[in-house]
Amino acid sequence: MALEKIACYLGDDDATRAAAYLCGVMTKYGIPFDRVDGGTRPNDDFMTKDYALYIISDYSAGLFAPEQIERIATQVRNGAGLLMLGGWESYFGRLGEYHTSVLADVLPVEMADRDDRRNDSSPVLLRPTVADHPILAGLPWSTAPGVGGFNEFRAKPTATVLLEGVRTRTTWTRPVAEFAAPLDSSEVKIELLAKYPFLVVDSVGSGRVAAFASDVAPHWIGGMVDWGTPRVFQELPTTLGDGLFVEIGCYYAQFFAQLVRWTGNF
């Protein structure tokens, strides 16, 4: 099957809001894509295009007709990629739709059968669990980017966990400060509470599949959106709206570009 070298990106509201971030990354890195805004159903062309990659991010499974979600699973087995990103409408999320869908068979994770959303006021720190992989390459993981929320899932036995997320608790040992006193690192304590699979990959048939536990946009992605200097300023295509742009950290942009490229085999 000859796949079009184009991604279909579904969800994250629209390009004036959360979708702007990933639209900006793909525009910067020259990855062509079609858009299906959150809350809207795929149009008639969805069943005729052989996309190289389907990106589902905070997009309700109930918006797919049965034949449309079945087509995604079939296309993945025939060589397309599938990337699910976290959100209130991803995995189980608020409504619990994907864990009983046909995509449960192709995604590299086992989803919960109850609300899987996890929100943290202290950062969830990300750390690689493998020494080398194209998605992780060239990024300074020692700087431990942190996120604010995620969907909890388990990796399937055949899948590979590339990133773990470590929940933390940050507390002041001296909660009342003396203003203008020198900084003293002994006054803050960081506890590591638990760790979870955060980026999981696998292959299904001829296709690649990936599951990332957090979203691509604030608030869940937290400080990771500003990971790296210099900062990246990217205007969005005018087809998405006039005067739209994103300003993001360079390593954030590089990570998501590498995730999209690997999963879609671009």
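**Loops, sheet, core and salt bridges of the model**

Pro230 is located in the loop that runs between strand 11 and strand 12. Strands (E, at least two residues) and helices (H or I, at least four residues) are DSSP runs, numbered from the N terminus. The model is a predicted one, in which local features need pLDDT of at least 70 and side-chain atom pairs count only at pLDDT 80 or more, while totals for chains, interfaces and linings use all residues. Residues are numbered from 1 along each chain as its sequence is written, and side-chain values use heavy atoms, with hydrogens and water left out.

The peptide bond between Thr229 and Pro230 is cis, with omega of about 5°. Another cis peptide bond is found between Pro218 and His219, where omega is about 20°. His219 belongs to the loop between strand 11 (207-212) and strand 12 (231-235), the loop that also holds Pro230.

Two further backbone features concern phi. Asp13, although not a glycine, has a positive phi of about 55°, and this residue sits in the loop between strand 1 (4-11) and helix 1 (19-28). Asp13 is partly exposed because its relative accessible area is 36%. Asn265, also a residue other than glycine, has a positive phi near 55°. Asn265 lies in the segment after helix 3 and is partly exposed, with a relative accessible area of 45%.

Turning to the sheet, nine strands form an open arrangement in the order 2-1-3-4-11-10-9-6-7, with mixed pairing. Its edges are strand 2 and strand 7 (146-151), each of which pairs on one side only. From one strand to the next, the twist averages 25°; the axes behind such angles are lines fitted to C-alpha atoms (for helices, over the stretch in contact), and angles run from 0 to 180 degrees between N-to-C directions. Strands of a sheet pair through backbone hydrogen bonds, either parallel or antiparallel. Two strands are taken as paired if DSSP finds at least two bridges between them. Strand 6 and strand 9 run antiparallel and are joined by five bridges. Leu125 stands opposite Val166 of strand 9.

Inside the fold, the largest nonpolar core contains 84 residues, and those with the most contacts within it are Phe212, Phe255 and Phe256. Helix 3 (residues 250-264) gives the most to this core, contributing nine residues. Such a core is a set of buried Ala, Val, Leu, Ile, Met, Phe, Trp, Tyr and Cys residues joined through side-chain atoms within 4.5 Å.

Strand 10 (residues 188-204) supplies the largest share of the patch, three residues. Val188 is part of strand 10 and counts as partly exposed because its relative accessibility is 32%.

Charged side chains complete the picture. The whole structure holds 16 salt bridges, each a side-chain nitrogen of Lys or Arg within 4 Å of a carboxyl oxygen of Asp or Glu. In one of them Arg71 meets Asp50, with the closest N and O atoms 2.8 Å apart. This pair links distant parts of the chain, 21 residues apart: Arg71 is in helix 2 (residues 66-77), and Asp50 is in the loop between strand 2 (33-36) and strand 3 (51-57). Arg71 counts as buried at 17% relative accessibility, whereas Asp50 is partly exposed at 22%.

Asp115 and Arg117 form another salt bridge, their closest N and O atoms being 2.7 Å apart. Asp115 is partly exposed at 32% relative accessibility, and Arg117 is partly exposed at 21%.

Glu164 and Arg127 also join in a salt bridge (2.7 Å, N to O). The two lie 37 residues apart and link distant parts of the chain, with Glu164 in strand 9 (residues 160-172) and Arg127 in strand 6 (residues 117-128). Glu164 is buried, with a relative accessible area of 9%, while Arg127 is partly exposed at 46% relative accessibility. Through salt bridges that share partners, Arg127, Glu164 and Lys195 are joined into one network.

Methods:
Buried means under 20% relative accessible area, exposed over 50%, partly exposed in between (1.4 Å probe, protein chains only).
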